Amino acid sequence: MYRINPTSTPAWKELESLSNELSNKHLVDIVSTHTRMSSYEASLKDFRLNYMRNHLDDSVLDAFERLFDQTKLAEAIEEQFSGEKINVTEGRAVLHTALRKNTSTPFLLDGENISKQIEGVLSQMEHFSNGIINGDHKGYSGKLFTDIVNIGIGGSDLGPLMVYEALNAYRKRGLKAHFVSNVDGSHLARTLQEINPETTLFIIASKTFTTQETMANAHSARKWFLDSGAKIEDVELHFAALSTNIPAAEDFGIHASKIFGFWDWVGGRYSVWSAIGLSLCCTLGYETFEKMLRGAEEMDHHFKETPFRENIPMVLAAIGIWYTNFMNYSSHAILPYDQNLSRLAAYLQQADMESNGKSVDRNGQKVDYSTGTIIWGEPGTNGQHAFYQLMHQGTPKITADFLASADTHYPLGNQHELLLANFLAQPQALMHGLTAEQVRLNMSREGKTAEKIDQLTPFRTFDGNRPSNILIYKLLDPHQLGRIIAMYEHKIFVQGWVWNIYSYDQWGVELGKKIANQVLDEMKNGPTPESDPITSKLIQDLFDLQS
């Protein structure tokens, strides 16, 4: 495991010098001075990245290639894919890529053939989900299942929810998924109002089967189920578990055949490829899930084998590092012009910010450079009527990924044409802006008086000079979605590696969980000498309002 401070490399210093030069140039001028139409694109068959609208030139890209070499990125990629324990602080390998590797060739990890284990779980998922879809598995009253409720949190919720929404066009008729994550009782209660206990399957997604929020919701769901008239022995027909804690799941009432395992080398935010995808298999079909795996595997090969300039995840990672560390940007918007990708930004918030939101490097030292990026976004065109004003004329510096498919599952009127027109217009407007001269000319043509033109010109002027990436593809199908998710996974990995941080632990999350348990104990038993006085005061305020 290499532990190289990127700021000590010659390439980093070269990039600092280049940023001083390019930061004072407008994007329009940068683009016009370079032949970029073909050289600033990367593609994987019908999946294309256009990165022309960035403060980049060949010198910057060449320097990034040297930075990747000087930080030993190629060796890091090999270590991850081969199963080295690159999650050092937890002593684990990071092998979500193995979950989508379509081969029966043995893959030994700590002396065990994990390929065989993965194949076994996938086979179990296929058999079980086929039984739900074709009606072999029924509820206790003999009725077919109509609803699948996935109870999880974090990666056990964000991943399957995002994929379910993205691939809604592939939903099996008569089956609907619901996703419950928040420990706020309203989340579960509102879901229970929509379903019939006789035709609902609950999937409890918790690796340890002890996750506080998940188990609170799971026990409440079981109580609701039993209160509806079901018997305790009916629980095993209506509940399944995604967990490694088989005894705890069985104590809950779940039959061993409905407990689907996964492994400590699968991080939660990278687990949608594992048994965590069971709700997807049950509602979209196992064949759809399998196609998503194949799309991700194709992106894995692209990432490992493609030279830098044509390597989509590497280019995106370089652009992210460039703006974060050299151009003073800290915010990145994910803007899919596809309503089906409405949960993509939320999914990537966890994948990116939980991975690279670190301030200690792999040597255990505080970093003195920026790591991580604020990830946010909404699908177009809704976002245009919400936060695009800030993007166009606000003071924060924001980068953006625009995503769109050439074809649509829903060819209604001319709506897809309108969608694509807006998709193409916004990045153009962000780069070009509108000069004062253009504004004055436009208002003159509208017949406004000279006085009115002078008054309104400052408000209608746009500086432009705002960068973006364009990602286009033929159609958002399962294969394509697999590519997109894997692309962002690899981008996150590259950035974390270059920043010399551990991307696969999340100790900040663990701290919050620990303190929540302490606060819960204080709420039940009163404060201790170690209690935080402000929290104790707030607990009392809450109790006062409850009475």
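How many nonpolar, polar and charged residues does the lining of the second largest pocket have? By class, that lining has 7 nonpolar, 11 polar and 2 charged residues. The model is predicted, so local features need pLDDT of at least 70 and side-chain atom pairs count only at pLDDT 80 or more, while totals for chains, interfaces and linings use all residues. Residues are numbered from 1 along each chain as its sequence is written, and side-chain values use heavy atoms, with hydrogens and water left out.

**Pockets**

- A pocket is an open set of points on a 1 Å grid over the protein atoms alone, where a 1.4 Å probe fits, with protein on both sides within 12 Å along at least five of seven lines; lining residues have an atom within 4 Å of a point.
- The volume of the largest pocket is about 920 Å³, counted as the space filled by probe spheres set on the points, with grid points joined across faces, edges and corners.
- Its lining is made of 39 residues, and T211, G268, Q506, E510 and K513 lie nearest the centre.
- Two or more lining residues come from each of α6 (155–166), α8 (212–227), α14 (344–356) and α20 (507–525); helices (H or I, at least four residues) and strands (E, at least two) are DSSP runs, numbered from the N terminus.
- Helix α20 gives the most to this lining, with 6 residues.
- By class, the lining of the largest pocket holds 12 nonpolar, 18 polar and 9 charged residues.
- The second largest pocket has a volume of about 470 Å³.
- This second pocket is lined by 20 residues, with D338, Q339, T408, Y410 and L419 closest to its centre.
- Helix α16 (residues 415–432) supplies the largest share of the lining of the second largest pocket, 4 residues.

**Aromatic pairs**

- There are 25 aromatic pairs, where rings of Phe, Tyr and Trp (its six-membered ring) pair if their centres lie within 6.5 Å; planes under 30 degrees apart are stacked, over 60 edge-to-face and the rest tilted.
- F47 and Y473 form a tilted pair, because their ring centres are 6.0 Å apart and their planes stand at 40°.
- F47 is in strand β2 and Y473 in strand β13 (residues 469–473), so this pair ties together parts 426 residues apart in sequence.
- F47 is buried at 0% relative accessibility, and Y473 is buried at 2%; buried means under 20% relative accessible area, exposed over 50% and partly exposed in between (1.4 Å probe, protein chains only).
- F68 and F308 are edge-to-face, because their ring centres lie 5.4 Å apart with planes at 90°.
- F68 in helix α3 and F308 in the loop between α12 (286–305) and α13 (312–326) are 240 residues apart.
- F68 is buried at 6%, and F308 is buried at 5%.
- Ring pairs also link F68 and F308 into a cluster with W12, F64, W322, F326 and Y369.

**Charges over rings**

- R100 lies over the face of W273, 4.6 Å from the ring centre; the rule asks for NZ of Lys or CZ of Arg within 6 Å of the ring centre and within 35 degrees of the ring normal.
- The charged end of R362 sits over the ring of W497, 3.8 Å from its centre.

**H55**

- H55 lies in the loop between β2 (47–50) and α3 (58–70).
- At 3% relative accessibility, H55 is buried.
- Leaving out residues up to four places away in sequence, H55 touches residues including W322, Y323, N465 and P467, contact being heavy atoms within 4.5 Å.

Note on methods:
Nonpolar A, V, L, I, M, F, W, Y, C, P; charged D, E, K, R; others polar.
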